[in-house]
Amino acid sequence: MTEQLMTEYGDKKVVIVGLGLTGLSCVDFFITRGVTPRVMDTRMVPPGSDKLPASVECHTGNLNEQWLADADLIIASPGMALATPELQAAADAGIEIIGDIELFCREAAAPIVAITGSNGKSTVTTLVGEMAKEAGWQVGVGGNIGIPALELLKQPCQLYVLELSSFQLETTYSLKAAAATVLNVTEDHMVRYPEGVEQYRAAKLRIYDGAKVCIVNAQDELTLPVTGKDSRCISFGVDDGDYQLDSEHQQLKANHSLVLSTDEMQLAGQHNYTNGLAALALADAVGIPREASLQVLRTYSGLEHRFQVVHMRNNVRWVNDSKATNVGSTQAALSGLKVEGTIYLLMGGDGKAANFTPLKPYISAPNIHLYCFGRDGGQIAELRPEDSTQTETMEQAMRDIAPKLAAGDMVLLSPACASFDQFNGFEHRGHEFARLAEELG
């Protein structure tokens, strides 16, 4: 295990843009290095402002252009686009702008497994972390999931496993991962990426810069490095790739050798089998013993809010997939889904300017009935007007569905939208779904 590297910031005027857990972790990072940063947030009362040390100046309600102009180093929150005029002006003036992940990468001495993708990244990140733990390794898991990356520097680690969003990757330059993956690329966050999916993809692909091994999706060319497949690339996929799901025999294989039958796994669904393959490929790439990895694939039962059966009674399953906040995630949930009765599919919320048309073939099965709610529910209902019901809220939809249920049916919340029009986040939406499922089921 190596000592932490120390980058010197002592003489720099540092400004942190955006508070919350990540912002507080940045404040703590600089204070322990003898630097008192300034903090600003566009929100009037940003989360975490009550936890700031008295010595830290804080400006709220908008961006303080004078502070930005005076800074030597700006740490931008992932939620703050670099295209924001005030940040653009600072960049044009030659002021360095980075994010918390870049700060982390400059300090981390242990190898990093880096994971991004439109869908599945939380599952794969958790799996790789559990595989390392099962092998007895000291592992730090965080980034876009759970713990801010900088907090991981406080414990000795043999391996870091980071989930990274496209927003975080935009301000990261020194990653050089031991193994990195882009699991898939489907349209998401188009408000942030007005030039379309290629602009979004370019942010994701930064994860491969300097990486030793690149784990790519054999079924998704958009996951390949910019210059195409190279000697660093190892692939995974369905009936294709170095690590593959043999769909006929329902087996996971690595380089044509059987490693596990899917019926030995707790996770269900084709998208979860390929997530398992990606995790196994990453674990193999950094030398986690294979037996430890397979043990985790046998026992891991999945993340909350990710295709999670929250209630089952009279052979009716209520499935919480609230984490499906984009079109690709809902496609993954419906792909290869076999249900003997009716699927009552709950969709809607804040669509983030997405195009819902690619969902059409996934929602066209005769046993699917759509219940569409929230801000953009109407747009989704238009994809299949003859088999959709529109309600104002998710609760209204669930109360309408409950009396119609028969054995073999499934109530599936897989909204293809963010939740902020009616909820505090996808977790809040998922917990409400689970509470109502318990009551109505």
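**Exercise 1.** State which residues UniProt lists for "binding site" and locate Gly-117.

*Solution.* The unreviewed UniProt entry lists Gly-117, Ser-118, Asn-119, Gly-120, Lys-121, Ser-122 and Thr-123 for this feature; such annotations may be inferred rather than shown by experiment. Of these residues, Asn-119 and Gly-120 belong to the lining of the second largest pocket (on a 1 Å grid over the protein atoms alone, a pocket is an open set of points where a 1.4 Å probe fits, with protein on both sides within 12 Å along at least five of seven lines; lining residues have an atom within 4 Å of a point). Gly-117 lies in the loop between β6 (112–116) and α5 (121–134) (helices are DSSP runs of H or I with at least four residues, strands runs of E with at least two).

The model is predicted: local features need pLDDT of at least 70, side-chain atom pairs count only at pLDDT 80 or more, and totals for chains, interfaces and linings use all residues. Residues are numbered from 1 along each chain as its sequence is written, and side-chain values use heavy atoms, without hydrogens and water.

**Exercise 2.** Classify the packing of α12 against α13.

*Solution.* The axes of α12 (residues 394–401) and α13 (residues 426–440) come within 11 Å and cross at roughly 25° (axes are lines fitted to C-alpha atoms over the stretch in contact; angles run from 0 to 180 degrees between N-to-C directions). Therefore α12 is roughly parallel to α13, the class for angles under 35 degrees. The contact residues divide into six nonpolar, no polar and six charged (Ala, Val, Leu, Ile, Met, Phe, Trp, Tyr, Cys and Pro count as nonpolar, Asp, Glu, Lys and Arg as charged, the others as polar; contact means heavy atoms within 4.5 Å).

Terms used:
Angles under 35 degrees count as roughly parallel, over 145 as roughly antiparallel, 65 to 115 as roughly perpendicular and the rest as oblique.
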